[in-house]
Amino acid sequence: MVKYRVLFTADLQNLTDLKPSSDPTFTYYFKMKCGNCGELAKKVISVLPSEKVDDSRNAPNLVMKCKFCERVGSVTVTCDIREPLTEARSEFRNSVPLIQLDCKGLDPVEFVFGNGWKAKSIAGTKFEDIDLSDGEFDEYDEKGECPVSISNLCATFEVMMSEMREKRLAWDRSMLEHQQKWSALLKARKKETGSSFP
Ligand SMILES: [Zn+2]
């Protein structure tokens, strides 16, 4: 199982707070490949955070069988973050987190932008149900009397460390610190007495 965090950024013109709408039917789209044989699934896969494959508590949001090796993989949404991309962050091309996934036997290769996004103009006009499937958005804001646009969309996948690996690394670090302290102590002692510390 690999944990991924999906982040995105875009260039915003006279717009701020770009994020998925709060509609529970908002759907995330991905291109995925099989974690076993590497076969790329031909269909774009849709993940709906509010929909699970069954009623059990740990049920994944999606189960898919590889057309090539027939291995079954699953995707579970662990956190639907939807942090808004502000104008300031977009200026620096900073990415904001969208969603967190646990992927078992499937690897995401591309995030596909769809519809149902929202943003507001600097003048305060709300734009609802923005369709980003063409990769951009162009409108005119009557209130602010200026053009508004979204372009250069970019999504990235960040592999998150498992808790176990994090604990191990922390332990390794503390061992190293311990060793460094000891060797410093030994050196100091050697200087003082001219003899080596047992
Ligand atoms: Zn496969």
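Which pattern does the protein follow when read along the sequence? The order is β-β-β-β-β-β-α-β-β-β-β-β-β-α.

## Basis of the model

This is a predicted model, in which local features need pLDDT of at least 70 and side-chain atom pairs count only at pLDDT 80 or more, while totals for chains, interfaces and linings use all residues. Residues are numbered from 1 along each chain as its sequence is written.

## Overall architecture

The protein contains two helices and 12 strands. Helices (H or I, at least four residues) and strands (E, at least two) are DSSP runs, numbered from the N terminus. The radius of gyration of the protein is 24 Å, well over the 16 Å that the globule rule gives for 198 residues, so the protein is more spread out than a compact globule. This radius is taken over C-alpha atoms, and the globule rule is 2.2 Å times the number of residues to the power 0.38. The C-alpha trace spans about 85 × 50 × 30 Å along its principal axes.

The domain assignment gives domain 1 (2-160) and domain 2 (162-198); such bounds come from an automatic or database domain assignment. The centres of domain 1 and domain 2, taken over C-alpha atoms, are separated by 45 Å. Of the contacts in the protein with a separation of 6 or more, 61% are accounted for by residues 24 or more positions apart. Two residues are in contact if their C-beta atoms, placed from the backbone, lie within 7 Å.

## Strand E1 and its partners

Two strands pair if DSSP finds at least two bridges between them. Strand E1 (residues 2-13) pairs with strand E7 (residues 96-104) in the antiparallel sense, over seven bridges. In this pairing, leucine 7 stands opposite proline 97 in E7. E1 is also joined to strand E12 (residues 146-160) by 10 bridges, and these two strands run antiparallel. Here glutamine 13 stands opposite serine 149 in E12.

E2 and strand E9 (residues 117-121) run antiparallel and are joined by four bridges; the bridge partner of threonine 16 is lysine 120 in E9.

Another open sheet of three strands has the order E4-E3-E8, again with antiparallel pairing. Strand E4 (45-47) and E8 are the edge strands, each pairing on one side only. In this sheet, neighbouring strands are turned by 45° against each other on average, direction ignored. Six bridges connect E3 with E8, which run antiparallel, and lysine 31 stands opposite glutamate 110 in E8.

## The hairpin of E5 and E6

Strand E5 (residues 62-65) and strand E6 (residues 72-79) run antiparallel and are joined by four bridges. Lysine 65 has valine 72 in E6 as its bridge partner. The hairpin has six residues between the strands, and glutamate 70 takes a positive phi near 65° in this hairpin.

## The nonpolar core

In soluble globular proteins, nonpolar side chains tend to be buried together. A nonpolar core is a set of buried Ala, Val, Leu, Ile, Met, Phe, Trp, Tyr and Cys residues joined through C-beta atoms within 7 Å. A residue is buried if 20 or more other C-beta atoms lie within 10 Å of its own, exposed if 12 or fewer, and partly exposed in between, with C-beta atoms placed from the backbone. Of the 198 residues of the protein, 20% count as buried.

The largest nonpolar core has 27 residues, of which Ala10, Leu15, Leu18, Val75 and Ile150 touch the most other members. At least two core residues come from each of E1, E2, strand E3 (28-34), E7, strand E8 (106-112), E9 and E12. E1 gives the most, with five residues. Apart from its neighbours within four places in sequence, isoleucine 150 is in contact with Ala10, Leu12, Leu15, Leu18, Leu132, Glu136 and Phe137.

## An exposed asparagine

Asparagine 94 lies in the loop between helix H1 (87-91) and E7. Is asparagine 94 buried or exposed? Asparagine 94 is exposed, because 12 other C-beta atoms lie within 10 Å. Leaving aside its neighbours within four places in sequence, asparagine 94 is in contact with Thr9 and Arg89.

Definitions and conventions:
Axes are lines fitted to C-alpha atoms, for helices over the stretch in contact, and angles run from 0 to 180 degrees between N-to-C directions.
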